[in-house]
Amino acid sequence: MANTTYPELRWLDGELAELERRSLRRGLRDRTGGQGAHIVLGGRPVVNFGSNDYLNLAADPRLAQAIAEAARREGVGSGASPLICGHAVPHVELEHALAEFEGTEAALVFPSGFAANSGTIAALAGPGDLVLADRKSHASLLDGCRLSRADFRVFPHNDPARLDTLLRRAAHARRRLVVTDTLFSMDGDLAELAELADVCRRHGAMLLADEAHATGVFGAQGRGVAEEAGVEDRVSARVGTLSKALGCAGGFVAGSQSLIDWLVNRARPYVFSTAMPAPVAAAARAALDVVRAEREPRRRLLDRAGALRGRLKAFGWDVGASASQIIPVVVGDPGRAVALAGKLLEQGLFVPAVRPPTVPEGESCLRISLTAGHDDAMIDRLLAAMGAPFSPSGPPSGSASGPAPPCSEGDPHPSRG
Ligand SMILES: *Cc1c(COP(=O)(O)O)cnc(C)c1O
């Protein structure tokens with residue numbers, strides 16, 4: 001659409017056309033028909049492999065009840081930032097529950113995980129300090145590093161030895177902060193957290209670990225990869241989100257009381273944003289109760305993910321280093337990723353194509369996100385579709401792709417009714 005009303009914005013039309021030409025233009029597809037493994041996307045009923053609702057809690061009636069009751073009691077909006085008068089009883093209760101869950105002295109709830117990451121990093125590092133981030137860290141971590149105005153470098157993905165070198169060379173920095181995802185959001189692989197924690201401890205560096213995709217999924221108690229790796233006491237600031245496995249919205253930081261006190265004073269998105277709606281905090285506490293009470297869903301989810309990865313690999317697909325419920329099918333070219341996603345969509349299977357700038361050039365993929373809402377029949381349908389030849393862009397040549405795998409429903413092309 002040409003910009004006639006705003007001639008000063010005409011340059012946008014050229015930029016958007018260029019994105020289109022490179023298969024990089026993205027647009028919104030509206031979701032209707034509720035939430036969960038079955039959704040209606042852009043008017044089409046699909047099995048949803050694109051959601052981070054890993055424990056299938058987003059539409060859970062227990063959460064809906066908690067939010068409705070709290071809304072009647074507390075109202076909807078918080079009215080002010082937490083330091084003015086926006087911090088209500090549901091926030092206090094959620095923060096206590098989170099600290100108890102995480103086994104830390106304290107916890108603090110932010111309006112989003114993005115705000116928790118960017119705000120915490122910028123509160124912990126400043127001019128004269130050094131921040132080091134894994135190259136594949138989430139945008140909210142990288143933006144926090146930039147916002148901090150500290151000296152900011154990235155280290156190669158999952159390379160504690162290189163991090164060690166960078167820290168050794170930076171002995172002059174006033175303070176040092178290392179940040180990383182614990183479960184990488186696009187690759188589905190895990191950080192070498194024990195090694196990273198060792199390196200940080202050796203250099204007296206702070207370590208911020210973002211458990212956004214791991215909270216509720218990894219660890220015996222569901223606390224994440226740091227729990228699984230047994231290094232929780234060596235992570236200076238644990239960030240999690242309430243918006244993924246917990247099915248709500250918001251982010252949190254768990255750690256020492258002094259860390260939380262500092263963030264209350266210095267984390268700009270906390271200080272200058274209106275507090276998360278209190279009913280959302282009430283729903284998040286209900287979600288936390290579910291995670292604490294039910295271990296089986298997370299165990300089963302990771303078992304199923306392992307089986308799915310194995311079968312995709314047997315078809316010759318490249319699932320990278322995935323070790324989780326996030327399974328990328330790496331195809332390289334963005335046009336090919338979009339074409340593949342389109343073929344799957346025609347069969348009623350929604351698997352988003354992920355392209356630059358979300359992933360580096362040459363690493364475009366289909367990102368399969370498995371949740372507790374998927375049953376074996378849905379997974380078999382996906383496998384049947386992925387096993388069928390996608391001419392001209394089928395699995396890599398020389399692959400082990402054979403006939404379509406068995407499909408428990410006996411119907412690889414079920415009607416889309
Ligand atoms: C989604 C995500 C966030 C942001 O969390 P929101 O609550 O959605 O803002 C932070 N870090 C990582 C790794 C994420 O994937």
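This is a predicted model: local features need pLDDT of at least 70, side-chain atom pairs count only at pLDDT 80 or more; totals for chains, interfaces and linings use all residues.
Colleague: By class, how many residues in the contact of helix 4 with helix 12 are nonpolar?

Modeller: On the side of helix 4, the residues that meet helix 12 include Leu94, Ala97, Leu98 and Phe101, and among their partners in helix 12 are Ala281, Leu288 and Val291. Sorted by class, this contact has four charged residues and one polar residue, while the number of nonpolar residues is eleven.

Colleague: How far apart should the ends of helix 5 be, at 1.5 Å a residue?

Modeller: Helix 5 covers residues 113-124, which makes twelve residues. The expected span is 1.5 Å times one less than the number of residues. The end C-alpha atoms of helix 5 are 16 Å apart, which agrees with the span that helix 5 should have, namely 16 Å.

Colleague: Is the crossing of helix 5 and helix 6 left-handed or right-handed?

Modeller: Helix 5 and helix 6 (residues 139-148) pack with their axes 7 Å apart and at an angle of about 30°, and that makes the two helices roughly parallel. As for its handedness, the crossing of helix 5 and helix 6 is right-handed.

Colleague: How many of the twelve residues of helix 5 are buried?

Modeller: Helix 5 is mostly covered, and its buried residues include Gly113, Asn117, Ile121 and Leu124. Of the twelve residues in helix 5, the number that are buried is ten.

Key: Residues are numbered from 1 along each chain as its sequence is written. Side-chain values use heavy atoms; hydrogens and water are left out. Contact means heavy atoms within 4.5 Å. Helices (H or I, at least four residues) and strands (E, at least two) are DSSP runs, numbered from the N terminus. Ala, Val, Leu, Ile, Met, Phe, Trp, Tyr, Cys and Pro count as nonpolar, Asp, Glu, Lys and Arg as charged, and the others, Gly among them, as polar. Buried means under 20% relative accessible area, exposed over 50%, partly exposed in between (1.4 Å probe, protein chains only). Axes are lines fitted to C-alpha atoms, for helices over the stretch in contact, and angles run from 0 to 180 degrees between N-to-C directions. Angles under 35 degrees count as roughly parallel, over 145 as roughly antiparallel, 65 to 115 as roughly perpendicular and the rest as oblique. A crossing is left-handed if the near helix is turned anticlockwise from the far one by less than a right angle, and right-handed if clockwise.
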